[in-house]
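Here's a quick briefing to read alongside the model. Keep the 3D view open and click along as you go.

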Amino acid sequence: MCGITAYIGKRQALEILLGGLRRLEYRGYDSAGVAVYQEAKGSTVESKKTCDSDDDSSSTASGGAGGGAGAGAGAGAGAGKVGAASDAHNLGRLKVTKKLGKVANLTAACKGTNMSGSLGIAHTRWATHGEPSDRNSHPHTSEDGDVTVVHNGIIENFVALRAGLQKKGIKFSSDTDTELLAHLVSHIRKENPNLSIRNAVSEALSQVEGTYGCCFLFADRPDLLVGARSGSPLIMGVGKGEYILASDASAIIEHTRQVVYLNEGEMVMCTRSGYEVTPIAGSAKRSATVHTLEMSLSQIEKGGYKHFMLKEIMEQPAVLENCMRGRVRHHGSSTNEIVLGGLKDIMPKLVAARRMIICACGTSFHAGLVGEYLLESLARVPVEVEYASEFRYRNPILYKDDVVVVISQSGETADTLAAVRQAKANGVTAIGLVNAVGSTIARETDAGVYLHVGPEIGVASTKAFTGQVLVLTMMAAMIGRAKGLIDDATMAEYVEAIDNIPSLVKSVLEQKDKIVSLCGSFRFAQSFLYLGRGYNYPVALEGALKLKEISYIHAEGYAAAEMKHGPIALIDKFMPVVIIAPSSDPTYLKIVSNIEEVLARGGSVIAITEEGNHDLDDKCEEVIYVPTTLEFLMPLLAVIPLQLMSYYIADLRKCNVDQPRNLAKSVTVE
């Protein structure tokens with residue numbers, strides 16, 4: 001949801017910024033823009049003294065290259081007035097280009113604009129305030145062009161702050177909340193000409209209510225890039241004499257694997273010779289740890305596939321092996337074990353937990369529902385599953401011996417992160433199941449487990465879902481074993497079955513040609529119904545979500561027994577019904593009854609069942625077979641045909657599979 005990239009260094013910024021935006025397209029957006037600081041012909045920009053320290057005395061950068069953190073002392077000329085609204089305009093020495101639509105449109109608009117310079121910021125916007133348009137695209141600039149900003153998040157009190165600035169004669173040129181930040185910082189600097197830039201930004205942000213990850217350029221500081229975050233992620237790539245700020249690592253990995261994660265409520269002042277990390281509301285410098293990214297460039301490329309989503313579906317056998325590696329251990333019949341190192345230190349709390357509360361959103365919520373069945377069955381612990389967006393606002397009753405489990409692919413989901421903070425504020429242990437290493441949730445929880453399924457670029461989650469379910473499976477078995485509920489023989493059976501999952505997933509994927517053929521006719525449907533029971537009820541929800549996300553076909557998932565309580569009224573010959581019906585399910589005969597009820601009303605049934613079960617061949621229009629496995633592992637297999645169906649139906653309908661309309665990969669605002 002929105003994307004930021006910013007650069008300061010010695011190379012030309014424009015191509016780095018546009019390249020970063022292309023890497024961030026998967027996050028979801030409707031427009032894009034870029035601002036580059038124009039350097040005078042023949043001039044070289046040099047750093048001077050500190051990163052705008054209050055006393056303007058020399059200091060050492062926290063992790064900066066070369067020791068000194070330079071301050072862009074007033075080498076730049078003052079910026080001129082903002083020109084008339086246009087695609088590209090020159091604001092003094094800051095040149096801005098913005099375009100509605102894809103990054104390709106922005107790239108085309110930048111040609112011939114001579115946007116040369118080695119300092120710049122760029123943004124992909126997902127509209128929250130004001131319609132998608134050139135005018136509302138970021139970057140936004142103050143009225144006299146001296147401050148330029150890009151911003152992810154929502155300024156909740158922007159109406160009041162905007163009205164206050166308008167009363168002082170400041171004119172706004174967009175409908176966005178973001179533009180306010182540029183005007184506010186500019187106004188504070190004019191009212192307090194001796195105030196340092198760091199303090200001016202700090203003062204402005206102290207007046208803001210809401211969330212932000214933002215980057216600032218200043219027309220009079222040609223060697224200074226400022227970033228700040230509160231509620232929205234921002235990381236910094238550390239290169240040789242250059243720094244890249246971005247909303248996530250995909251915009252950085254092409255240039256460096258060395259990164260600094262900004263913590264909540266921090267800002268960074270970057271020059272070409274170093275950087276300083278400080279609290280937004282304070283001045284104490286933090287010695288920032290430089291981390292090495294685990295991801296590689298090849299992981300965020302399509303690798304020959306038509307879409308990222310198809311690549312991510314097809315690579316699930318390999319990534320699930322990665323997820324299990326070192327965690328599922330065979331040592332003979334008496335020493336089979338599952339070890340999740342990230343939970344080792346809190347195992348006594350997990351074993352003694354009064355209950356577990358799983359908080360998540362979207363696909364992660366569906367994984368959490370599977371987790372409820374797993375934890376209650378294998379570990380015999382009461383579990384509640386809640387939408388994080390509801391949990392954070394309903395003043396939940398929490399006990400000190402509860403455990404809150406949050407699930408998030410990105411580790412940055414705003415509502416899920418708020419659930420972590422609410423749990424910790426109540427003295428409750430919070431653990432995180434996330435995919436993105438170094439993400440905010442990973443850093444703020446008491447313990448956790450990484451999925452290790454690799455970066456997920458497609459907006460519609462696939463491999464992250466199976467990774468989440470697999471981690472929850474391992475977690476439930478590990479806790480059950482620690483509580484003495486699973487004996488040696490049973491644990492050996494579980495370990496062997498879990499270890500076989502990647503090969504079983506591979507065998508399901510080998511049926512993709514059959515699934516492609518059935519999608520040819522079903523792509524014309526206007527609505528789908530998905531039904532499942534027990535462990536497979538959440539899989540039905542996930543299948544429906546996948547279809548509606550990327551094909552724009554209305555789809556609903558239900559517990560199969562609930563069909564008679566309303567949805568059955570919708571069934572006719574034009575509504576396909578997808579039913580997950582494994583013959584090993586304890587409620588199999590009841591599921592068959594559901595199939596008969598659909599058929600009696602002229603409905604068309606697509607059934608998913610196990611290999612060797614031919615009870616449904618004559619009843620259903622289509623039957624997709626998956627291998628036999630233990631009941632609690634069936635979601636990992638049953639979801640694969642649903643992912644493939646969603647993908648191929650959307651592709652046949654010529655939808656933008658990787659970037660579906662109105663959706664964002666990482667939801668970093670409420």
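Helices (H or I, at least four residues) and strands (E, at least two) are DSSP runs, numbered from the N terminus. What you're looking at is a predicted model, where local features need pLDDT of at least 70, side-chain atom pairs count only at pLDDT 80 or more, and totals for chains, interfaces and linings use all residues. Residues are numbered from 1 along each chain as its sequence is written, and side-chain values use heavy atoms, with hydrogens and water left out.

**The whole chain**

- The protein chain has 18 helices and 27 strands.
- Its radius of gyration (taken over C-alpha atoms) is 27 Å, close to the 26 Å that the globule rule gives for 670 residues, so the chain is as compact as a globular protein of that length. That rule is 2.2 Å times the number of residues to the power 0.38.
- Along its principal axes, the C-alpha trace of the protein chain spans about 80 × 55 × 45 Å.
- Of the 670 residues, 62% count as buried. Buried means under 20% relative accessible area, exposed means over 50%, and partly exposed is in between (1.4 Å probe, protein chains only).

**A negative patch on the surface**

- E321, E493, E496 and D499 gather in a patch of negative charge on the surface.
- What counts as a patch? Patches are made of residues with over 30% relative accessible area and no salt bridge, with like charges joined within 9 Å and nonpolar side chains (Val, Leu, Ile, Met, Phe, Trp, Tyr) within 5 Å.
- For the charges, Lys and Arg count as positive and Asp and Glu as negative, while His and the chain ends are not counted. The place of a charge is taken as NZ of Lys, CZ of Arg, CG of Asp or CD of Glu.
- The accessible areas come from the Shrake-Rupley method with a 1.4 Å probe, and for residues only the protein chains shown count as cover.
- Helix α14 (residues 488-509) gives the most to the negative patch, with three residues.
- E321 has a relative accessible area of 42%, so E321 is partly exposed.

**Salt bridges**

- Side chains of opposite charge can pair when their charged atoms come close. A salt bridge here is a side-chain nitrogen of Lys or Arg within 4 Å of a carboxyl oxygen of Asp or Glu.
- The structure holds 28 salt bridges.
- One of them joins the side chains of D401 and R354 (3.2 Å, N to O). D401 lies in the loop between α10 (388-391) and β20 (403-408), and R354 in the loop between α8 (347-352) and β18 (356-360), so this pair ties together parts that are 47 residues apart in sequence.
- R392 forms a salt bridge with D415, and the closest N and O atoms are 2.8 Å apart. This pair links distant parts of the chain, with R392 in the loop between α10 and β20 and D415 in helix α11 (residues 414-425), 23 residues apart. D415 is buried, with a relative accessible area of 12%.
- K546 forms a salt bridge with E542, the closest N and O atoms being 2.4 Å apart. Both K546 and E542 sit in helix α16 (residues 537-551), four residues apart, which is about one turn of the helix.
- K546 has a relative accessible area of 1%, so K546 is buried, and E542 is buried as well, at 0%.
- R229, E264, R421 and E444 are linked in a network of salt bridges.

- The peptide bond from H138 to P139 is cis, with omega near 5 degrees. Look for P139 in the loop between β5 (119-125) and β6 (140-141).
- R380 isn't a glycine, yet R380 has a positive phi of about 50 degrees. R380 is in the loop between α9 (362-378) and β19 (383-387), and at 58% relative accessibility R380 counts as exposed.
- N395 also has a positive phi of about 50 degrees although it is not a glycine. N395 is found in the loop between α10 and β20, and N395 is exposed, with a relative accessible area of 66%.

- S439 has its place in the loop between β21 (429-434) and α12 (440-444), and at 4% relative accessibility S439 counts as buried.
- The C-alpha atoms of S439 and T629 are separated by 34 Å, and the two residues are 190 residues apart along the chain.
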